[in-house]
Amino acid sequence: MKELVVIVGPTASGKSELAVKLALRFGGEIVSADSRQVYKGLDIGAGKITKKEMRGVPHHLLDVASPKRIFTVVQYRRRALKAIKDIQKRGKLPFLVGGSPFYIYAVANGLLFPEVPPDKELRRQLEQYSAEKLYEKLQKLDPARAATLRQSSGQAKNKRRLIRALEIVFKTGKPVPELPQKPLPYPVLLLGIQRTQDELKKRIVKRLQRRFREGMVEEIQQLNKSGLSWKRLEELGLEYRYVAQYLQQKISRKEMEEKLEREIWKFSKRQMNWFKKDPRIRWIKDLKEAENLLRLSFEELFESGAGKFRIR
RNA sequence: GGGUCGGUGGUAGAGCGGUCAAUUACACGACGCUGUAAACGUCGCGCCUUUACGGCUACGGGGGUUCGAAUCCCUCCCGGCCCA
């Protein structure tokens with residue numbers, strides 16, 4: 001039988017560890033859904049799981065791209081779906097685990113993005129215009145998309161969104177299509193790790209300190225030495241952004257640490273903005289609750305005659 | 001003790017007679033997201049309410065000038081600097 005378990009939660013909530021435990025218990029493999037861990041060399045700063053921590057559980061979609069080039073959701077989606085299929089073929093249970101909501105939903109909701117690859121040159125040209133101008137252009141060429149953006153909190157002023165919309169219109173000669181969603185052909189169980197704000201804040205600080213001890217600053221210094229520009233590092237956000245600023249002496253060590261604690265906290269809230277409005281997510285507090293839910297969900301599947309699944 | 005500069009919203013820091021509940025940044029909060037998503041963007045942020053070009057309380061304290069003061073004057077308190 002086939003099924004997919006998705007594990008979500010804000011950063012530092014303990015997804016990786018929980019996933020490994022569940023995978024060991026239920027015979028699973030893990031598909032990472034993290035927009036930074038896909039890059040080679042982004043290890044400590046991205047919180048990539050170590051070989052030892054994997055405890056023999058196969059992990060997929062880690063280290064699949066060079067950080068020098070931008071890896072996109074669409075590439076991610078393609079590879080993740082393939083990884084999931086392969087795992088299922090081998091009779092194992094796939095766990096989609098990660099903190100990049102857009103990546104999670106690209107897979108779990110089967111978002112079918114328009115087949116228009118990014119055009120750097122075009123983007124650079126459009127970048128010259130103000131958001132207002134871009135919006136006017138879009139309004140003329142694709143009023144429907146313009147209206148959609150206008151209705152979603154601030155997007156009418158988001159150049160990145162406007163440019164992408166125009167890019168699609170220019171390349172296809174047609175309006176931006178409504179995003180088709182292709183439901184996955186197998187049942188999906190979404191688990192969310194629940195933590196109080198206090199708890200999460202503490203975990204963020206603790207984890208950040210651990211990363212410093214583990215040599216995160218050195219890692220980022222090294223990445224720059226081996227050819228990753230400061231600009232690119234800053235673009236990668238959070239740890240990479242602020243440590244890069246520190247290494248360039250744009251900010252002090254203290255500023256860097258304070259900034260990081262705050263920014264990571266804000267990031268976790270942004271992640272939660274996605275998850276908290278998804279009614280499918282079953283929020284769990286610990287391993288036990290997760291196990292129970294998994295077992296239950298399997299039982300339901302047995303009853304419905306969907307097939308058999310081995311629980312170790 | 002004398003002189004001098006300054007005390008503004010959570011912080012920094014504008015404003016220097018009306019159009020100021022007070023520019024801006026940060027912090028904080030809420031939210032959005034169709035190939036950069038740890039990215040990118042929007043909104044709110046004194047209090048109250050029938051949410052209104054509404055009311056109230058506010059720019060260290062007190063007093064004054066003025067039709068009107070965060071903005072001018074006096075005084076007190078506090079802080080920086082200089083002289084003693």
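Biologist: How many bridges join β5 to β6, and in which sense do they run?
Modeller: There are 3 bridges between β5 and β6, and the two strands run parallel. Two strands count as paired if DSSP finds at least two bridges between them. The strands themselves are DSSP runs of E with at least two residues, helices are runs of H or I with at least four residues, and both are numbered from the N terminus.

Biologist: What is the bridge partner of Leu191 in β6?
Modeller: Leu191 has Arg282 as its bridge partner in β6.

Biologist: What kind of model is this, and which pLDDT limits apply?
Modeller: This is a predicted model, in which local features need pLDDT of at least 70 and side-chain atom pairs count only at pLDDT 80 or more, while totals for chains, interfaces and linings use all residues. Residues are numbered from 1 along each chain as its sequence is written, and chains are lettered from A and ligands numbered from 1 in the order in which they are written.

Biologist: Back to the sheet: in what order do the 6 strands come?
Modeller: The order is β3-β2-β4-β1-β5-β6, in an open sheet with parallel pairing. Its edge strands are β3 (59-60) and β6 (282-284), each of which pairs on one side only.

Biologist: Which helix packs on the sheet, touching β1?
Modeller: That is helix α1 (residues 15-26), which also touches β2 (28-32), β4 and β5 (188-193). A contact here requires C-beta atoms, placed from the backbone, to lie within 7 Å. The direction of α1 makes about 175° with that of β4. Such axes are lines fitted to C-alpha atoms, for helices over the stretch in contact, with angles from 0 to 180 degrees between N-to-C directions.

Biologist: And how many bridges does β1 form with β4, and how many with β5?
Modeller: β1 (residues 4-8) pairs with β4 (residues 93-97) over 3 bridges, and with β5 over 5 bridges. Both pairings are parallel. On the β4 side, Val6 stands opposite Leu96; on the β5 side, Leu4 stands opposite Val188.

Biologist: What holds strands of a sheet together in general?
Modeller: Strands of a sheet pair through backbone hydrogen bonds, in either a parallel or an antiparallel arrangement.

Biologist: Changing topic, which domains is chain A divided into?
Modeller: Chain A has domain 1 (4-112 + 181-303) and domain 2 (120-172), with bounds taken from an automatic or database domain assignment. Their C-alpha centres lie 30 Å apart.

Biologist: Which residues are closest to RNA strand B?
Modeller: Ser35, Ala46, Phe102, Gly154 and Gly237 are the closest of the 47 residues that surround RNA strand B. A residue is near the strand if its C-beta atom, placed from the backbone, lies within 6 Å of it.

Biologist: Which helix gives the most to that surface?
Modeller: α13 does, with 7 residues. The helices α3 (73-89), α8 (159-172), α12 (238-247) and α13 (253-275) each supply at least two residues.

Biologist: Is Ser35 buried or exposed?
Modeller: Ser35 is buried, because 20 other C-beta atoms lie within 10 Å. The classes are buried at 20 or more such atoms, exposed at 12 or fewer and partly exposed in between, with C-beta atoms placed from the backbone. Ser35 lies in the loop between β2 and α2 (51-54). Not counting residues up to four places away in sequence, Ser35 touches Ser100 and Tyr103.

Biologist: Where is Gln249, and what is its phi?
Modeller: Gln249 sits in the loop between α12 and α13. Its phi is near 60°, a positive value in a residue other than glycine. Gln249 counts as exposed because it has 7 C-beta neighbours inside 10 Å.

Biologist: What about the phi of Asp63?
Modeller: Asp63 has phi near 55°, also positive in a residue other than glycine. Asp63 is in the loop between β3 and α3 and is partly exposed, with 15 other C-beta atoms within 10 Å.

Terms used: Two residues are in contact if their C-beta atoms, placed from the backbone, lie within 7 Å.
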